[in-house]
Amino acid sequence: MFDKILIANRGEIALRVLRACQELGIPTVAVHSTADADAMHVRLADESVCIGPPPAKDSYLNVPALLAACEITGADAVHPGYGFLSENARFAEILAEHNIQFIGPKAEHIRQMGDKIEAKRTAKALGIPCVPGSEGGVSSDAEAIGIARAIGFPVLVKAAAGGGGRGMKVAQREEDLAMALATARAEAKAAFGDDAVYLEKYLTRPRHIEIQVLGDGRGNAIHLGERDCSLQRRHQKVWEESPSPALNVAARFEIGEVVARAMRELKYLGLGTVEFLYEDGQFYFIEMNTRIQVEHPVTEMITGLDLVLEQIRVAAGGELPLTQHDVEFRGHAIECRVNAENAKTFVPSPGTIRSYHPPGGLGVRVDSAVYQGYTIPPYYDSMVGKLIVHGKTRTECLMRLKRALDEFVVDGIDTTLPLFQRLVRTQDIIDGNYHIHWLEHFLANGGMEP
Ligand code: ADP
């Protein structure tokens with residue numbers, strides 16, 4: 001096992017990793033920017049190192065500073081959390097060159113899945129069903145028109161280096177395609193420094209269903225069921241649940257096994273999520289994330305497994321502690337991402353939290369790094385925390401979520417809590433009857449009006 005783990009992240013995920021390390025008895029090092037000197041992850045870690053000024057590129061993305069922090073503290077492993085350097089293959093390699101273990105997949109798999117064109121090619125070769133689209137990137141408008149005609153409009157132009165919903169443009173008709181290509185390219189170039197784009201059929205009413213996997217890098221891999229993340233705004237997940245209201249047991253095991261088999265063949269190491277769109281009973285691969293995800297607690301609640309702890313164990317060379325047969329799915333879990341944003345306008349609301357009271361009780365979990373008097377800095381994402389609720393059935397889970405939301409107090413800033421209070425009382429949500437465009441329609445049609 002590792003002697004000391006440096007957590008190259010901040011906020012709730014830094015705390016989440018810290019908790020797993022503490023339960024494993026491994027000392028921790030927090031790193032922070034000058035803007036985060038008062039942050040909870042700094043207070044709770046055994047040691048902390050300031051790695052630079054507020055902008056992420058000078059601190060949380062600052063590889064030389066992170067290496068120096070490992071050196072000074074004697075950390076022999078780095079947990080990257082999500083975001084920042086978590087899907088940076090070069091970072092994993094640099095750490096390896098310094099005899100420091102990156103807690104994540106092998107660099108080759110991070111690289112392979114980081115390029116979405118390459119990822120789709122790999123998925124297809126592994127027998128995973130994909131969204132119809134271009135075989136690789138599209139280089140000219142003429143080529144794109146040919147492909148779009150073959151797959152049929154509407155089509156989606158996507159960035160090969162895409163992430164966070166950026167560099168994605170829909171073309172409803174042939175006339176829109178040139179514009180969609182140009183904007184997607186420009187956006188991808190600006191956001192990722194890479195303007196390669198590809199085409200996919202635009203699905204009009206799919207659900208987003210993803211499969212959680214865990215592998216030991218030696219050919220053992222299992223799936224931990226699915227998460228339904230169809231409630232999205234601007235391609236960003238807002239609410240996640242498991243099991244999906246749209247799948248039955250047979251469908252879950254069928255797709256789960258397809259994915260687990262692929263991961264065994266890849267000799268995949270660590271946690272990963274294979275994301276699909278699901279429409280008319282068919283799964284279509286869209287991408288794979290090679291890291292812990294924001295919504296992982298939903299899976300933890302229904303399997304009783306600590307995903308971060310398992311991730312650390314396999315990174316240290318441990319074998320998978322369980323077989324597919326040992327994984328049991330119990331009850332239903334829902335996660336709400338509570339952001340520091342106005343619940344109607346979604347305008348960010350950084351500022352100081354005047355009073356804070358998280359809900360509690362049976363089946364209620366709040367993963368957050370805020371506290372009363374804490375000032376949310378304007379430099380990073382706007383998450384206040386995640387509320388995760390577990391119940392024996394989906395109905396019990398919804399009732400518990402409703403009361404937990406009503407108990408949750410965050411004063412001094414705007415949060416998206418009122419959005420969830422409204423959603424949990426909306427018939428389509430109660431019925432589990434929604435798809436990836438549902439939330440945008442709901443908001444556009446005055447769903448948040450009195
Ligand atoms: P990112 O890496 O930017 O998050 P993804 O490929 O994971 O991009 O897609 C994010 C979201 O965009 C999906 O959950 C879905 O809502 C939407 N999306 C992606 N591909 C398609 C598609 N072919 N048709 C319709 N919506 C899509």
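**Where the ligand sits**

The shell around the ligand takes at least three residues from domain 2 (132–201) and at least three from domain 3 (207–444). Those bounds come from an automatic or database domain assignment.

A word on the source. This is a predicted model: local features need pLDDT of at least 70, side-chain atom pairs count only at pLDDT 80 or more, and totals for chains, interfaces and linings use all residues. Residues are numbered from 1 along each chain as its sequence is written, and side-chain values use heavy atoms, with hydrogens and water left out.

Now the shell itself. Which residues come nearest to the ligand? Of the 21 around it, they are G165, K201, H208, Q232 and E287. By class, the shell has eight nonpolar, seven polar and six charged residues. Here Ala, Val, Leu, Ile, Met, Phe, Trp, Tyr, Cys and Pro count as nonpolar; Asp, Glu, Lys and Arg count as charged; the others, Gly among them, count as polar.

Next, the strands. β6 (155–163), β8 (197–201), β12 (269–279) and β13 (282–289) each supply at least two shell residues. β6 gives the most, with four. Strands (E, at least two residues) and helices (H or I, at least four) are DSSP runs, numbered from the N terminus.

On to polar contacts, meaning pairs of N or O atoms within 3.5 Å. Q232 has a polar side-chain atom 2.6 Å from an oxygen atom of the ligand. E287 also places a polar side-chain atom 2.6 Å from a ligand oxygen. For E275, a side-chain N or O atom is 3.1 Å from an oxygen atom of the ligand. How much of the ligand does the protein bury? Taken alone, the ligand exposes 550 Å², and the protein buries 96% of that. Those areas come from the Shrake-Rupley method with a 1.4 Å probe.

Let's step back to the domains. The chain also has domain 1 (5–86). The C-alpha centres of domain 2 and domain 3 lie 28 Å apart. Their contact (heavy atoms within 4.5 Å) takes six residues from domain 2 and four from domain 3. Between them, these two domains bury about 400 Å², 53% of it on carbon and sulfur atoms. That is the accessible area (1.4 Å probe) lost on putting the two parts together, summed over both.

Last, some backbone details. The peptide bond from F153 to P154 is cis, with omega near -5°. P154 is in the loop between α7 (141–151) and β6. Another cis bond joins S242 and P243, with omega about -5°. P243 sits in the loop between β11 (236–242) and α9 (249–266).

Definitions and conventions: Near = heavy atom within 4 Å. Polar contact = N/O pair within 3.5 Å; in protein donor to acceptor, adjacent residues only side chain to side chain.
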